Amino acid sequence: MVFFLDYIQHKRDCKFKQDERAERLRGLAKYSGPFTPFDREIIDKPIEELVQDVQKGELDPIDLLHTYGKVAVKAHEKTNCLTEIMISEAEGWIKDGSINTKGPLAGIPVSLKDTINVGGFDSTVGYSSYVGNKQPQDGGTVRLLKDAGAVPYVKTNMPITLLSFESTNDVWGRCTNPHNNKYSPGGSTGGEAALLALGGRIGIGSDVAGSVRAPAHFSGIYSLRCSTGRWPKAGFATSMPGQEGVPSVYSPMTRTLNDLTYFTRAIIGMQPWKYDHSVHPIPWRSEIEKEYSTKSKLRVGVMRTDGVVDPSPACVRALEKTEAALKAAGHEIVEIDPPSPYEALRLGALLLNADGCQMFKSFFRFGEWNDPGADQMYFLMRLPRPLKYLYYLWVKYIRRDDVWAGLVKDWHEKSAFEQWKLVAQREAYRAKWFEWWNSVDVDFLLTPPNATPAVPHDGMKEAVSSCGYTFLFNLVDYTCGIVPVTHVDKDLDKLPPTFNIKKLNGVAQGAYKLYDAEAMHGLPVAVQIVGRRLEEEKVLAIMKRVEDALGDDKYQLLDID
């Protein structure tokens, strides 16, 4: 009976939030209709020019909100990307002086992942049990944004648990890819990516295994994964409070590279350490940005595979296209052999789920839908140890799959003693990367962001472990940026006739079960630019060098309707 009542409350809370969202959208009649020439001028104008116009009183922030409110409504109709609709309240914040219209982001509407606390609005994280958890005041990050002049106006969709490259939950429904509605926009910051691809300006997401990078790759936008302590994260809800084995970071996401650099510079210029105790007091280092903007010859370490899942033809083509452009621009290509990425995948997975998946599962109500990938992790975690060991033996000695066997073998809840040993291994692994990078002396790494382009809906059931290209750099805490490069081509990106999925390890099989160049035709494909810890200025400068090298052949943004 208790379970039945819990399920009924779950359904009621989901319906309440969906009805509330629908009612708020119905109240935005003036934000409907086609884009005007003025709207298009705003959407295409460089962010710094918009800020200057607001600061000089030549542009009303309400007009900016009207344009981007219209963008958000249209994007939501296409992809179901929005959760909390704050546009009416944003009008009030502008009028009552809550927004500093002299700040470095004066008047610019900013979208936020649903997890970020805005006073008076829920942060559900996709759980019905979180419905009604609204905080009375803005969190530190939102206070900083308003002081900088930014206008929070919508919150965006994500997966329940936050442990997925999809963005679906019972509370808000399924978010779809803006290029192809049969595919995911990415996760866990997928709603943000969908909105930005369809004309949004700047946004904030979080990343514990690739959650601002996979969405940028899947949806065709730009993102920066900051190192811990560089970007504020004060005032948020989560599915895994207390998880510090692989710390989550909040980071910027934008439609254009220029916006990404400007947004990051503006936030760090606001001295975020005065809003969030976890931020390092490191000001923006313009000399580093200038150094890597002008350095005549960069040493580029190309990581062609993580040794677990070789990149698909579409991702290889994007990587090689970028490599060729950099080489033609006079930069040096360096073949590299870094410390084992597989070791990072195994270590990271055990650290992230050392609690036996209990924390993220504890917020579920009876009958609540779970992400297929997270559900797979939980199922294997709950499997009795003797059965799991037999499964491990079968995978290792019968299937002869050392990769999958190594991930399964220790997949169980850890004691504090075992957790400490894993942390010690993590620190040893980080030291290994530190020494390796010193020895090869490259300026940055060029890698695929994922083995494949976007996954189809519910595809994470198969591809849950295929996250090594991003997760690796969470473990070592390196700064990374995503630059979209091209789109899947059904003719150029087919698998070769000799391809045999049965010869792959279990992780790679899961990824390649979903790869279909014809079905994926037109989906974005990106590359990942990797620096070392706390090298945000450097990575952004190099992203610009990469895009400049691509020249007229650079990525074409999705047209807005």
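The buried residues of helix H17 (416–440) pack against strand S9 (299–302), helix H12 (341–352), strand S11 (444–447), helix H19 (468–475) and strand S13 (524–530). Helices (H or I, at least four residues) and strands (E, at least two) are DSSP runs, numbered from the N terminus. The structure is a predicted model, in which local features need pLDDT of at least 70 and side-chain atom pairs count only at pLDDT 80 or more, while totals for chains, interfaces and linings use all residues. Residues are numbered from 1 along each chain as its sequence is written, and side-chain values use heavy atoms, with hydrogens and water left out.

The buried positions of H17 are Leu 422, Arg 426, Tyr 429, Trp 433, Trp 436, Trp 437 and Val 440. Buried means under 20% relative accessible area, exposed means over 50%, and partly exposed lies in between (1.4 Å probe, protein chains only). An α-helix has 3.6 residues a turn, so residues three or four places apart point the same way. H17 has 25 residues and spans 36 Å from its first C-alpha to its last, close to the 36 Å expected at 1.5 Å a residue. The expected span is 1.5 Å times one less than the number of residues. Just after H17, Asp 441 takes a positive phi of about 55 degrees.

Trp 433 also belongs to the largest nonpolar core, which has 170 residues. A nonpolar core is a set of buried Ala, Val, Leu, Ile, Met, Phe, Trp, Tyr and Cys residues joined through side-chain atoms within 4.5 Å. Leu 105, Trp 433, Phe 473 and Ile 529 touch the most other members. Helix H12 gives the largest share of this core, eight residues. Apart from this core lies another, of nine residues, including Ala 197, Val 212, Ala 216 and Ile 482. Phe 473 is in contact (heavy atoms within 4.5 Å) with residues including Arg 213, Arg 225, Trp 433, Leu 445 and Val 530, leaving aside neighbours within four places in sequence.

Helices H11 (313–328) and H21 (536–550) form a crossing. Their axes come within 8 Å and cross at roughly 90 degrees. H11 and H21 are therefore roughly perpendicular to each other. Lys 321, Thr 322, Ala 325 and Leu 326 in H11 meet Val 546, Ala 549 and Leu 550 in H21. The residues of this contact divide into five nonpolar, one polar and one charged. Axes are lines fitted to C-alpha atoms, for helices over the stretch in contact, and angles run from 0 to 180 degrees between N-to-C directions. Angles under 35 degrees count as roughly parallel, over 145 as roughly antiparallel, 65 to 115 as roughly perpendicular and the rest as oblique. Ala, Val, Leu, Ile, Met, Phe, Trp, Tyr, Cys and Pro count as nonpolar, Asp, Glu, Lys and Arg as charged, and the others, Gly among them, as polar.

Ser 219, in helix H8 (213–219), counts as buried at 0% relative accessibility. Ser 278 counts as partly exposed at 30%. Ser 278 is found in the loop between helix H9 (257–269) and helix H10 (286–294).

Asn 80 has a value of about 60 degrees and is buried at 16% relative accessibility. Leu 162 has a value of about 65 degrees and is buried at 10%.
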